[in-house]
Amino acid sequence: MSTPRAPKVAGIDSTVPSPPHTAAAIGAPLSAMSAAVSAASGPSGGPLQDRLAGWVSDLTLLHELTESLIRAGSLDGALHEVLRAGAALVGARRGMAVLEPADGLGPALTVGLGLAHAELGTIETVPRSVTSYGRILDGLDPLPEGALPRPVAIPDLRGEEDLDPRHREVAARLGYAASYALPLATEEAGKLGALVWLYDEPAEPAERQRHLVGLYGRFATEHLARLLEVERARVRLATVSEELLPSRLPRVPGVQLAARHHTVPQGGGDWYDALPLPEGALGLAVGSVTGSGPSALAAMGRLRASLRAYAVMEGEDPVAVLSDLELLLRLTEPARSATALFAYCEPAARRIVLAGAGHTPPLVVGEHRTEYVETSLSAPLGMLSCWEAPSVELSPAPGETVLLYTDGLLRRTGDAMDRAFARLHAAASSVPKADRADPGAVADHVLRTVLPEGLDAPAADGEDVVLLAARFE
């Protein structure tokens with residue numbers, strides 16, 4: 001006959017062993033547990049209830065802390081949250097987290113809790129080999145092969161006879177007397193870094209505190225590993241996106257250029273281009289490919305490369321350039337659409353001929369006018385069996401700047417499109433006179449005014465932003 005299982009208590013599986021600080025094993029059979037309680041405190045069972053209450057309290061605390069950690073969406077924010085939660089668990093006031101993945105692929109970060117940037121720098125002047133976190137990161141403690149690094153406690157820095165002189169000096173200057181370092185490492189995630197908390201007086205965590213912070217640290221390491229992969233993917237996409245765009249803008253007599261580009265973390269398909277053409281001409285282009293992620297980036301690269309080829313062959317006719325691009329997109333990627341605007345510029349004559357395919361109209365910014373260019377209405381590329389719309393010609397006055405942009409700039413405002421266009425117009429109209437001679441300053445002013453929270457603010461619809469400014473002399 002099998003031994004009956006003890007009942008579950010407060011949703012805790014009775015077969016799960018208790019944490020080390022729990023005196024009686026919760027997973028023991030009910031008869032053994034009762035005997036232990038009777039031997040310890042008589043028939044009332046009060047101490048067992050206290051231990052159960054303490055265990056449930058610990059689990060509740062860990063649940064709350066891990067929920068707070070999950071809400072931290074960025075790698076930097078998660079590190080700050082881990083430091084804060086760990087400090088509460090071990091009873092410290094200050095600390096630092098060092099992210100240094102063992103695979104060497106980065107990113108490498110150091111953040112502090114209750115420590116200014118200069119104080120973090122001061123701590124980093126101590127040789128790593130003599131610090132608690134350095135022993136973890138550099139694997140200086142002897143361990144069995146394949147074993148994970150252990151926590152390192154230095155309960156009394158002032159009383160350590162063999163303490164490195166520089167370590168002693170820095171500890172005295174910053175006013176900490178003890179440290180407790182916890183590795184950010186699991187078998188699945190590997191070694192990601194280390195956490196170290198600093199005490200104002202000689203101290204070290206009790207056994208219960210070590211147990212709780214150890215449980216929390218394992219969860220935190222796995223969560224940080226996931227955020228690390230997301231951050232690496234974001235950096236890779238951003239790098240690919242930047243590599244698909246011009247590495248530098250050309251210098252063409254008679255015109256000054258500036259570009260601003262921001263890609264959302266998942267990788268968008270907005271792009272721009274500026275290429276010198278024969279006889280001192282200049283081709284300017286902006287566009288947007290539907291979708292996001294690697295496939296949109298690849299499509300954006302193909303579209304931009306194709307437009308450059310068509311611009312070299314027949315750039316003086318923007319309608320022909322976009323017609324060829326429409327045919328190519330329809331034949332090679334029938335499931336995808338795109339918007340584009342191409343402008344053929346003759347800076348010496350201050351003459352621009354442009355055509356657009358479903359794209360937002362350019363904006364001319366000058367001392368005496370700020371107005372949108374009335375381009376012909378047209379569907380985006382890939383949405384008609386044959387695309388063709390008449391081109392538009394304009395002549396910017398000396399000192400005027402032509403702004404080409406993608407609709408992500410308008411959508412990031414969160415306004416309806418008519419109000420977004422009005423906001424962009426107002427921003428361009430308010431460019432200070434001192435900034436009008438610099439297209440980069442014009443672009444920056446427009447971005448700051450249209451998007452006061454900045455380009456790094458979260459975008460509800462995940463929109464790229466492209467702004468290309470050309471000032472004619």
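## E400 and its partner

E400 is buried, at 6% relative accessible area. Buried means under 20% relative accessible area, exposed over 50% and partly exposed in between, with a 1.4 Å probe and protein chains only. The side chain of E400 forms a salt bridge with that of R369, at 2.8 Å from N to O. This pair links distant parts of the chain, 31 residues apart. E400 sits in the loop between β13 (392–394) and β14 (401–405), and R369 in the loop between β11 (363–365) and β12 (370–372). Helices (H or I, at least four residues) and strands (E, at least two) are DSSP runs, numbered from the N terminus. R369 is partly exposed, at 26% relative accessibility.

## Basis of the model

This is a predicted model, in which local features need pLDDT of at least 70, side-chain atom pairs count only at pLDDT 80 or more, and totals for chains, interfaces and linings use all residues. Residues are numbered from 1 along each chain as its sequence is written, and side-chain values use heavy atoms, with hydrogens and water left out.

## Other salt bridges

The structure holds 25 salt bridges. Each is a side-chain nitrogen of Lys or Arg within 4 Å of a carboxyl oxygen of Asp or Glu. Side chains of opposite charge can pair when their charged atoms come close.

D138 and R128 pair at 2.6 Å, N to O. They are 10 residues apart and link distant parts of the chain. D138 lies in the loop between α5 (132–137) and β3 (152–154), R128 in the loop between α4 (117–123) and α5. D138 is partly exposed at 36%, and R128 is partly exposed at 26%.

E169 and R173 meet in a salt bridge at 3.1 Å, N to O. Both lie in helix α6 (residues 165–174), four residues apart, about one turn of the helix. E169 is partly exposed, with 38% relative accessible area. R173 counts as exposed, at 53%.

## Backbone exceptions

Most residues other than glycine have a negative phi, and most peptide bonds are trans. Which peptide bond is cis, with omega near -5 degrees? That bond runs from G106 to P107. P107 is in the loop between β1 (94–99) and β2 (109–113).

E279 has a positive phi, near 60 degrees. Its loop runs between β7 (270–277) and β8 (281–289). E279 is exposed, at 83% relative accessibility. R350 also has a positive phi, about 50 degrees, although it is not a glycine. R350 lies in the loop between β9 (338–346) and β10 (351–357). At 27% relative accessibility, R350 is partly exposed.
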